[in-house]
Amino acid sequence: AVPIRLERCGKTFAGSARALEPLDLTIRGGETIVFLGPSGCGKTTTLRIIAGLESPDPGGRVLFGEEDVTALPIERRNVGMVFQSYALFPNMTVAENVAYGLKVRKLPRPERARRVEEMLDLMHLGEFAGRRIDQLSGGQRQRVALARALVVRPRVLLLDEPLTALDAKLRDSLRLEIDRLLRGLGITAVYVTHDQGEAMALGDRIVVMAKGRVAQIGTPREIYYQPADGFVADFIGTMNRLGGTVQGGMLSIGAASLPWSGPDGAVELLVRPEDLALASEADGHLGGSVAAAVFLGDRTRLVVEPTDGPALTVDTLGRSELGRGDRVWLRVDPARVLAVP
Ligand code: ADP
Ligand code: MG
């Protein structure tokens, strides 16, 4: 599988502010990298630069392995693309849609038929080969789009919000299927989404973007547990913020204090809802009362109002009977807290 390198790839569209700040990134061969960020942050622009649908501003370069493809148009880069809207030929059959790229590449008919069949099997579409696209559900259409992109054996697979148009259940099952597919094929893939769940589930690494800039690049665990800044912390999952003061190896949060290593001074503490544990009064650091309890089946999400300081979100696994007005104590594990000076 081919690695991709972006060198100083920025983009300024004529007559507008810069959409993408110059970006340096190496995508390893066989890696699935996810671009994640809110709408308008430059994800699609980056993907289109990799595809060859957009050229980077002067000075930027795109490399596939050792080959500089910056000046090559999309049809000479051998990339497969899947979009949010299916971009299939509605009046052709499933098999004809999948065969299209092979026909353009002038593969002999028997080879074409063999590869289409193989790809339809891989995507569990065998029984739909003769159906027209407008006779398929959204999920089936997206599987056809994937088959069509992959049948030409592209060097790189590029996916731009492929699940966004589908309903939640279908999104989950197709996400699992895409994961299986990418891992099985070992292809280099770039996946664009604004959905953090998708990014965490699919990405070997995630590139978090904000306003045309990279906010952080890391594995899902790094992004989740060591967010580079407040934007990343808030964009991925739920993060509590607590104010504290460090003095002489002790951290004070409200009236509570616990051992802490780090320089003296005021700190902002970031802590995940699942890392605030319910404790007894003797073991707890923060007292408060439950302002809301939302039963979510596998866990209960509490909103706890401490005696002083902002409300905290706390997740409890198991069969919590806590409800509004109950008095609770929270324990802060120093190893699970991130301090921002
Ligand atoms: P995302 O995919 O993250 O939602 P885009 O890459 O589509 O973001 O867009 C990034 C920014 O560039 C946006 O401000 C968008 O309006 C702008 N933009 C994208 N394409 C064009 C274009 N062809 N002409 C002018 N501005 C564009
Ligand atoms: Mg987009």
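**Entry 1. A network of charges**

I began with a group of charged side chains: Glu111, Arg114, Arg115, Glu118 and Arg153 are linked in a network of salt bridges. I note at the outset that the model is predicted. As a general point, side chains of opposite charge can pair when their charged atoms come close. I then looked up Arg153 by itself. Arg153 sits in the loop between H4 and strand E7 (156-160). With a relative accessibility of 45%, Arg153 counts as partly exposed.

**Entry 2. Backbone angles**

I next checked the backbone angle phi. Most residues other than glycine have a negative phi. Which value does phi of Arg153 take? Phi of Arg153 is near 50°, which is positive although the residue is not glycine. I found a positive phi at His124 as well, about 55°, and His124 is not a glycine either. His124 belongs to the loop between helix H3 (109-122) and H4. I recorded a relative accessibility of 47% for His124, which places this residue among the partly exposed ones.

**Entry 3. Salt bridges elsewhere**

I examined several of them in turn.

Asp68 and Arg61 join their side chains in a salt bridge, at 3.0 Å from N to O. Asp68 is partly exposed, at a relative accessible area of 34%. Arg61 is also partly exposed, its relative accessible area being 32%.

Glu177 makes a salt bridge with Arg143, and their closest N and O atoms are 3.6 Å apart. This pair connects distant parts of the chain, 34 residues apart: Glu177 is in helix H5 (residues 168-185) and Arg143 is in helix H4 (residues 138-150). Are these two residues buried or exposed? Glu177 has 15% relative accessibility and Arg143 has a relative accessible area of 15%, so both are buried, the limit being under 20%.

Arg336 forms a salt bridge with Asp275, with 2.8 Å between the closest N and O atoms. Arg336 is in the loop between strand E19 (327-332) and strand E20 (338-340), whereas Asp275 is in the loop between strand E14 (265-271) and strand E15 (276-279); the pair therefore ties together parts that are 61 residues apart in sequence. I compared the accessibility of the two partners. Arg336 is partly exposed, at 49% relative accessible area, whereas Asp275 is buried, at 8%.

I turned to the division of the chain. The protein chain is divided into domain 1 (4-235) and domain 2 (240-340). How many residues does each domain bring to the contact? Domain 1 contributes eight residues and domain 2 contributes six residues. I noted that the C-alpha centres of domain 1 and domain 2 lie 40 Å apart.

The two domains bury about 560 Å² between them, and 43% of this area is on carbon and sulfur atoms. Which residues of domain 1 lose the most area to domain 2? They are Tyr224, Tyr225 and Ala233, which together account for 64% of what the domain 1 side buries.

I then listed the polar links across the contact. There is one salt bridge between domain 1 and domain 2. I looked up the pair Arg241 and Asp234, which forms a salt bridge with its closest N and O atoms 3.0 Å apart. I also counted four residue pairs in polar contact between domain 1 and domain 2. On the side of domain 1 that touches domain 2, helix H7 (220-225) and helix H8 (230-235) each supply at least two residues. That side of domain 1 consists, by class, of five nonpolar, two polar and one charged residues.

Is Thr313 buried or exposed? Thr313 is buried, because its relative accessible area of 17% falls under 20%. What does Thr313 touch, leaving aside residues up to four places away in sequence? I recorded contacts of Thr313 with Thr238, Asn240, Pro273, Leu276, Arg301 and Leu302.

Conventions. Residues numbered from 1 in each chain as written. Chains lettered and ligands numbered in written order. Predicted model: local features only at pLDDT ≥ 70, side-chain atom pairs only at ≥ 80, totals over all residues. Heavy atoms only, no water. Domains from an automatic or database assignment. Contact = heavy atoms within 4.5 Å. Buried area = accessible area lost by both parts, 1.4 Å probe. Salt bridge = Lys/Arg side-chain N within 4 Å of Asp/Glu carboxyl O. Polar contact = N/O pair within 3.5 Å; in protein donor to acceptor, adjacent residues only side chain to side chain. Helix = DSSP H or I, 4+ residues; strand = E, 2+ residues; numbered from the N terminus. Nonpolar A, V, L, I, M, F, W, Y, C, P; charged D, E, K, R; others polar. Buried < 20%, exposed > 50% of the residue type's maximum accessible area, 1.4 Å probe, protein only.
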